[in-house]
Amino acid sequence: MFVAVFLWLVTIALFVLYLFQLHMKLYRVPWPLVLMAFNMGATVLYVTAFITCSASVEQTSLKGTRQYNQRAAASFFSCLVMIAYGLSAFFSFQAWRGVGSNAATSQMAGGYA
């Protein structure tokens, strides 16, 4: 529960930061690196949450009972969020590394694209 709530709050804060373009005013902060580190950290935390939730599903409990359904659903959705943060970490790594720019865009931007 800590992982879900904490990362949800930090994600909302980063979303608001980018929505109002406040990251442009903090130009000394390497934002692609910050986002990559955040997404990688979130992925690692969700991997541990997924493993913990999956291990807590009791194989001996009856399928269809309330406790089994809640733990199985928590495992499934933590896996989905883990995959989403993992993909986001991959794309932030590409943005940090500079993959995606071509010769034309780097020429127009003076080599800073």
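Author: A residue is called buried under 20% relative accessible area, exposed over 50%, and partly exposed in between (1.4 Å probe, protein chains only). Ala84, with a relative accessible area of 46%, is therefore partly exposed. The place of Ala84 is helix H3; helices (H or I, at least four residues) and strands (E, at least two) are DSSP runs, numbered from the N terminus.

Reader: Where does confidence stand lowest and where highest in the protein chain?

Author: This is a predicted model, in which local features need pLDDT of at least 70 and side-chain atom pairs count only at pLDDT 80 or more, while totals for chains, interfaces and linings use all residues. Residues are numbered from 1 along each chain as its sequence is written, and side-chain values use heavy atoms, with hydrogens and water left out. The predictor's confidence in each residue, pLDDT, runs from 0 to 100. Helix H4 (residues 103-108) has the lowest confidence in the protein chain, with a mean of 54, whereas H1 has the highest, at 93. The chain mean is 84, and 84% of the residues reach 70 or more.

Reader: How many helices and strands does the protein chain have?

Author: The protein chain has 4 helices and 0 strands, and its elements follow the order α-α-α-α from the N terminus. Of its 113 residues, 19% count as buried. A contact means heavy atoms within 4.5 Å. Among contacts with a separation of 6 or more, 63% join residues 24 or more positions apart.

Reader: Which residues make up the largest nonpolar core?

Author: In soluble globular proteins, nonpolar side chains tend to be buried together. A nonpolar core is a set of buried Ala, Val, Leu, Ile, Met, Phe, Trp, Tyr and Cys residues joined through side-chain atoms within 4.5 Å. Here the largest one has 11 residues: Val3, Leu7, Leu14, Leu17, Trp31, Phe38, Ala42, Tyr46, Ala49, Met82 and Tyr85. H1, helix H2 (31-56) and helix H3 (66-97) are the elements that give two or more residues to this core. H2 supplies the largest share, 5 residues.

Reader: Why does Tyr46 count as buried?

Author: Tyr46 counts as buried because its relative accessibility is 9%. This residue of helix H2 contacts, beyond its neighbours within four places in sequence, Val3, Ala4, Leu7, Ser78, Val81, Met82 and Tyr85. Tyr85, under that same exclusion of neighbours within four places, touches Leu7, Thr11, Phe38, Asn39, Ala42, Thr43 and Tyr46.

Reader: With which residues is Tyr18 in contact, leaving aside its neighbours within four places in sequence?

Author: Tyr18, in helix H1, is in contact with His23, Trp31 and Leu35, neighbours within four places in sequence being left aside. Tyr18 counts as partly exposed because its relative accessibility is 31%.

Reader: Which residues form a nonpolar patch on the surface?

Author: Met1, Val5, Trp8, Leu9, Ile12, Phe15, Val16, Leu19, Phe20 and Leu22 form such a patch, with about 1100 Å² of accessible area together. Among them, Leu19 belongs to helix H1 (residues 2-19). Patches are made of residues with over 30% relative accessible area and no salt bridge, with like charges joined within 9 Å and nonpolar side chains (Val, Leu, Ile, Met, Phe, Trp, Tyr) within 5 Å. A salt bridge is a side-chain nitrogen of Lys or Arg within 4 Å of a carboxyl oxygen of Asp or Glu. Accessible areas come from the Shrake-Rupley method with a 1.4 Å probe; for residues, only the protein chains shown count as cover. The protein chain exposes about 8300 Å², of which carbon and sulfur atoms supply 72%.
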